Amino acid sequence: MEGDPDLQFLLQGGDLLKVRSPSWKKTRYFRLQEDCKTMWRESKKTFDKNHTFSLDDVSAVRIGRQSEGLKKNTEEHVEGRCFSIMFKGRRKNLDLIASSEEEAKQWVRSLEKLVFNLDNLNSQQKIEHWIFNCLKKADKNKDDTLSLSEMKDFLRLINIELDDDYAEMLFKKCDTSNSGSLAGEEIERFYNLLTHREEIDVIYGEYAKTTGFMSPEDLVSFLMKEQMEKATLADAHKIIEKHEPDENAKAKKLLTKDGFLMYLHHPEAMILNPEHKDVYQDMSQPLNHYFISSSHNTYLIEDQVKGPSSTEGYVRALLKGCRCVELDCWDGSDNEPVIYHGYTLTSKILFKDAIKAIKEYAFKTSDYPVILSLENNCSVEQQAVMAQHMSSILGSALVTAPLGDGMPTNFPSPEELKGKFLIKGKRLNKLEDSFTPEAAEADDDIDVTEEEDSNDDEEEQKEKKSKKKLKLAKELSDMVIYCKSVHFNGFEDARQNLSFYEMASFKEGKAEKLAKESANAYIQHNVDKLSRIYPAGYRTDSSNYNPVPLWNAGCQIVALNFQTACEDMHVNQGRFLVNGKSGYVLKPAFMRDSDTEFDPVTLTRGAWLKHKTLHIMIISAQQLPKVNNKKSSIVDPLVKLEVYGVPADVAKKETSPLNNNGFNPAWNDNFQFDVYVPELALVRFVVEDYDSASDNDFVGQYTLPFNSLKMGYRHVPLLNKNGDLLPSAGLFVHIMILDAE
């Protein structure tokens, strides 16, 4: 982008009005640092480190008064001058006002272009960009050379702690001019020594049989023998054409070691099967035959007691592919329903604002249907307002009648419901009654509430229910078509008395008990119906529970607190990583058969039993970040391997820790796992910073379905705690999956 006018605009920077409240609006000078990655805010010409942010942390830049803060704290007449910078994770939006509409557009255009370019660097370019920035930071006196002390600073920046003697030896080896500092080609030699990967040399040397380079035939041999891929010479030619940086080698149809490494870093060659990245499953099955990415109390962005409610909660969840969001609705002032966690100190947002945000962001990540799970605590009057808002804002995208003619006997498919919204809530009568003109008017005095506090005993719950009985507005009731909320009274009662569209919500503890003690009955129940699981009431800190046992029981809507970065959310992200990140993953055939005998606990013989042996060699890691950005602390990395699935498949193993090397640690450790039900299994790679005195610190992780693993030598990308990509970091592994005898 050198010389690009948008880049030059950001490097020059300018004044913007930062907005925090109607009365707090202050001018701040923003500009891009020379690393073309860090934005800083200057005040009175002094650099304030606490007010910098990396463009890697930006999720979106939105023009206009789109954020909650700008809607609340600014007037309509400044609409065109406003824009917001949205961040990944829990960081608050940065709401800004430019001096003119043209300048606002310039800021947005320039920031979007740079964020896009950074996101689309390949792995090798990201590594080089990162190392280049660290070199510039280490060069304290800005003379474009590195002294010995600056070289040591640089090594610490890239997460290596070297013995002083070894550091001096490395320095002298590169200082061919004997000037006491490294410059030009000496720095390049130093870089090459640092980034040299012996494991790549060994693999490349094994197959580079044509005058020391890889020919198309050599590459086909590597792909078939090591990577277990069906490869042709035409495939090899395409790889060389696409990844070989040396034009002379490319002209001779040869792949150099650099080209080979570039290929191994490309997404199509990494551990996730590229065929599983886009929608690859049959999306024409009934809706309840899919696991559905689901969020609990979506409006909360922190804890469940006093934290803020925000439409940002919906935006973030939907952009992560969530397909079922929750709305806790209560009577508000001026006849406007509000959303908040009832009987707590959490702040309130308008119901209509939440619906507008959902409408805008519902289908940006996935085209497949979104379920609005209503926790309705409103009066009949405000329920009618809710219905009016949903009807006017969502329009024809809202499903208000069954698809097709006549009374349906099964769910429509995600494919048929593309771009549609479904309402989950109470209904005054059976759906069948709407097809029977002579059906009696239903009683509108029913219990419209659904979730119970898991800390209440049975008597307290009964007392609460009698107090909480509210009337249900017909306008709202009629919008509930395929997801009618009912209470669960046992599997036999459900089989005999409930229609396919009548679904129960189970609190976490009850669902886990059923999944453990009556797994097969639960699975059969979920062949015909939908089940929603929600966290226990004691999780006031917005902590989560393990979703895997509930998926093993066929439960589709396993709702988690998306705002909490944790192992359970990592596993959830791994489950929905595939199939186009559509938020829908087809359940295995043995969980879609009403006569299934599958039980994940007892694990009797059947079509689900496909015993595999998984061999994983953890070879090395690259560019691991410092923990919590600690400058002084060098990572002592170890790698944990975890398998999730049916109880027989659950396992954890780990490498030994390596001291003081987060840049290029190498283990070459081998591990073996038995996997009995691969269609339900997930594999998680976790990197931690070892600490002998306390708990290890989290560095990065990556989770994916077992059946989406690619065999052979593979790079594994790493995600941070929030589930966002760590730009340069990764693992290098070897995977082999064999049929067990």
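Mentor: Let's start with a term: a residue is buried when its relative accessible area is under 20%. Keep in mind that this is a predicted model.

Trainee: How many residues of helix H13 are buried?

Mentor: Eight of the nine residues in H13 (residues 311-319) are buried, so the helix is largely enclosed by the rest of the structure. Among them are Tyr314, Val315 and Arg316.

Trainee: What happens at the start of H13?

Mentor: There, a side-chain oxygen of Ser310 comes to within 2.9 Å of the backbone nitrogen of Glu312. Just after the helix, Gly321 has a positive phi of about 90°.

Trainee: How do I read two helices that pack together?

Mentor: Packed helices are described by the angle between their axes and the distance between the axes. Here, H1 (residues 5-12) and H3 (residues 101-119) pack at an angle of about 110°, with axes 9 Å apart. That makes H1 roughly perpendicular to H3. Residues in the contact include Leu7 and Phe9 of H1 and Trp107 and Leu111 of H3. By class, the contact has six nonpolar, two polar and three charged residues.

Trainee: Which residues does UniProt list for "binding site"?

Mentor: An unreviewed UniProt entry lists Asn297, Glu326, Asp328 and Glu375. They span 79 residues in sequence, yet no two of their C-alpha atoms are more than 9.5 Å apart, so they gather at one spot.

Trainee: Is Asn297 buried or exposed?

Mentor: Asn297 counts as buried, at 2% relative accessibility. It lies in the loop between strand S10 (290-295) and H13, and its contacts include Glu326 and Asp328. Glu375, in strand S14 (residues 370-376), is also buried, with a relative accessible area of 8%.

Definitions and conventions:
Residues are numbered from 1 along each chain as its sequence is written. This is a predicted model: local features need pLDDT of at least 70, side-chain atom pairs count only at pLDDT 80 or more; totals for chains, interfaces and linings use all residues. Side-chain values use heavy atoms; hydrogens and water are left out. Buried means under 20% relative accessible area, exposed over 50%, partly exposed in between (1.4 Å probe, protein chains only). Helices (H or I, at least four residues) and strands (E, at least two) are DSSP runs, numbered from the N terminus. A polar contact is a pair of N or O atoms within 3.5 Å; within protein, one must be able to donate a hydrogen and the other to accept it, and residues adjacent in sequence count only if both atoms are side-chain atoms. Axes are lines fitted to C-alpha atoms, for helices over the stretch in contact, and angles run from 0 to 180 degrees between N-to-C directions. Angles under 35 degrees count as roughly parallel, over 145 as roughly antiparallel, 65 to 115 as roughly perpendicular and the rest as oblique. Contact means heavy atoms within 4.5 Å. Ala, Val, Leu, Ile, Met, Phe, Trp, Tyr, Cys and Pro count as nonpolar, Asp, Glu, Lys and Arg as charged, and the others, Gly among them, as polar. UniProt positions are given in the numbering used here, feature names are shortened, and annotations may be inferred rather than shown by experiment. Lists of a residue's contacts leave out its neighbours within four places in sequence.
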